[in-house]
Amino acid sequence: MGGAVSAGEDNDELIDNLKEAQYIRSELVEQAFRAIDRADYYLEEFKENAYKDLAWKHGNIHLSAPCIYSEVMEALDLQPGLSFLNLGSGTGYLSSMVGLILGESGSVSQLHSDVTEYAKQKLEFFIRTSDSFDKFDFCEPSFVTGNCLEISPDCSQYDRVYCGAGVQKEHEEYMKSLLKVGGILVMPLEEKLTKITRTGPSAWETKKILAVSFAPLIQPCQSENGKSRLVQLREFRAGWHVVKVGVWEALTPVRPGLGPREPLAALCYLRLWDGCQIRDQ
């Protein structure tokens with residue numbers, strides 16, 4: 001999927017093209033897209049394709065086309081303070097953009113442990129190198145390896161849920177059960193990117209957004225004892241809140257008679273345990 005907009009020379013030009021084509025329509029979504037360079041989530045040898053409106057796959061690692069992520073972000077109607085569950089979170093690119101908007105987020109990775117590790121590495125690189133924390137409060141997404149069709153039934157429901165794999169019709173009710181009343185679920189369902197809003201305990205509104213082609217969800221495999229391997233999503237009462245701070249140190253004279261040196265400015269990143277909630281593993 002993809003190819004709906006022209007390629008960009010860099011991340012900002014790609015976002016300009018997505019805005020011009022009306023895939024990005026809100027200021028919050030635009031800010032999040034500009035804050036995270038898509039190329040950082042590519043392997044080095046494939047970065048030349050990062051700013052094309054195309055999906056990318058290498059082994060188990062996968063990124064959807066920018067136009068698809070734009071439609072997903074807009075359809076989720078993201079607002080600060082909401083909880084988010086990403087099923088099939090892949091590289092963590094989308095989860096990190098969502099985390100910049102929400103201030104709290106959760107993410108469930110695919111079946112493959114190598115993808116989980118890749119996502120963790122990319123998240124650490126983003127936290128270590130990005131200057132986005134001057135503009136955003138960011139609570140880290142966290143990742144767990146497991147089949148999203150085996151989430152423990154006692155796990156909390158979420159305000160926003162996205163599934164990055166094609167959902168079979170027989171799993172539609174399961175996906176909807178992950179959602180709070182008032183929440184929004186976005187997923188590929190029967191070859192259509194679909195937005196489902198839970199308007200009441202048993203009331204739903206469904207909107208088809210656009211035609212898509214996603215690989216289908218992988219069905220769970222039973223363990224040797226015949227039981228499912230339930231995925232546990234821990235509920236946190238507080239979250240790691242990542243901020244960048246300036247540290248100023250006034251240095252004393254090295255030798256008597258010399259005036260004080262200019263203050264030394266240093267930037268560091270702190271993970272502060274604060275009151276925002278993160279629901280995830």
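**Close-up 1. Tyr41, Tyr69 and Tyr93 form one aromatic cluster.** The model is predicted: local features need pLDDT of at least 70, side-chain atom pairs count only at pLDDT 80 or more, and totals for chains, interfaces and linings use all residues. Residues are numbered from 1 along each chain as its sequence is written, and side-chain values use heavy atoms, with hydrogens and water left out. Rings of Phe, Tyr and Trp (its six-membered ring) pair if their centres lie within 6.5 Å; planes under 30 degrees apart are stacked, over 60 edge-to-face, the rest tilted.

**Close-up 2. Phe46 and Trp56 form a tilted pair.** The structure holds five aromatic pairs. In this one, the ring centres are 5.7 Å apart and the planes stand at 50°. Phe46 lies in the loop between helix H2 (27-35) and strand E1 (56-58), and Trp56 in strand E1, ten residues apart. Helices (H or I, at least four residues) and strands (E, at least two) are DSSP runs, numbered from the N terminus. Phe46 is partly exposed at 24% relative accessible area; Trp56 is buried at 7%. Buried means under 20%, exposed over 50%, partly exposed in between (1.4 Å probe, protein chains only).

**Close-up 3. Helix H4 (residues 93-102) is largely enclosed by the rest of the structure.** Ten of its ten residues are buried, among them Tyr93, Met97 and Leu102. Just after H4, Gly103 takes a positive phi of about 75°.

**Close-up 4. Strands E7 (residues 192-200) and E8 (residues 203-211) run antiparallel.** Eight bridges join them; strands pair if DSSP finds at least two bridges between them. A hairpin of two residues connects E7 to E8. Thr197 stands opposite Glu205 in E8.
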